Amino acid sequence: MSIPEECKRLRDAITDPSLKVQLEGLWQSAMEKVQEFQKGTSGQGIYHCLRVESNIWSFIHEDIKKFRPIDLFLLSASAALHDIGKINGVDVNENHGLISSKRLLKDDNWKEFFPDKMKAQAVGYIISVHGNGDIETLPKEFVLGNPPGVLLRSLASIFRLADMLDTDFRRCPYLVKSFKNLKFSKEIEVWVARSSIAGWSLSSDGQTIFLHFSGDGEETRIAALAYVDILNDSLTESQKKWLENCPVRFWHENQLVEDTLHFPIHFALVEIKK
């Protein structure tokens, strides 16, 4: 399988050889054992996970040196495993992020992906809130072995934004069927909107994510605008708080440095000229 260039760059940025080997093994296990079984009716399989990982790189690559190898490992691992709460092959009406976390940590399930439980617990925290956005229910810091720990709320906020930004219409192939009987009008609008979006970019001030509209007709444009409203409404206050002022912690010249990054907290639609 061809891995997107952004995913390769994210994984290559992990300078710890042991973590890099662990991550490759984790992704291989996830692809073989869970990602194709978690699709359900929403098509959130291997390619969705890779698109989320690509989005993570797009958000953080300019500040990649401000993320430690363990931070990058946890973000990538979260992309690989965040939807395993859907592996029953059906839609999960409950909080599937929390279900994914519980499934990962139940009994010895984590041993399929991690050499130690601490990393699995950290990923479990991150993916547990990617559905509901309750960032502040997480501990601020989680220590894996020796301090300093990882800043869970920062990582979870970035991860959730990357997941939200997978606007690929193939995430909802079941919606095509609903056109025949028009039972799911809201879902049809989402499908139409996603079908009309061709990528995204950041505003010059970095505060807004522009979704690129390439559809035809006023009805399609209205559906796309409604989808943008859905995304803005999905950004919880706690997620926006941690995105707007996102603490990071990294090593520089053998000194532990703390800094604050600023990520976008608003979506908007821009039309692409044809």
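Author: Strands (E, at least two residues) are DSSP runs, numbered from the N terminus. Two strands pair if DSSP finds at least two bridges between them. The model is predicted: local features need pLDDT of at least 70, side-chain atom pairs count only at pLDDT 80 or more, and totals for chains, interfaces and linings use all residues. Residues are numbered from 1 along each chain as its sequence is written, and side-chain values use heavy atoms, without hydrogens and water.

Reader: Which are the edge strands of the open sheet of 3 strands?

Author: The strand order is 3-4-7, with mixed pairing. An edge strand here pairs on one side only. That gives strand 3 (197-202) and strand 7 (266-271).

Reader: Which residue in strand 4 stands opposite S201?

Author: Strand 3 and strand 4 (residues 208-213) run antiparallel, joined by 4 bridges. Opposite S201 stands F210.

Reader: How do the residues lining the second largest pocket divide into nonpolar, polar and charged?

Author: The pocket has a volume of about 250 Å³. Of its 13 lining residues, the closest to its centre are L19, R68, I70, L144 and N146. Ala, Val, Leu, Ile, Met, Phe, Trp, Tyr, Cys and Pro count as nonpolar, Asp, Glu, Lys and Arg as charged, and the others, Gly among them, as polar. The lining divides into 7 nonpolar, 2 polar and 4 charged.

Reader: What counts as a pocket, and what as its volume?

Author: On a 1 Å grid over the protein atoms alone, a pocket is an open set of points with protein on both sides within 12 Å along at least five of seven lines. Lining residues have an atom within 4 Å of a point. Points are joined across faces, edges and corners, and the volume is the space filled by probe spheres (1.4 Å) set on them. For the second largest pocket, that is about 250 Å³.
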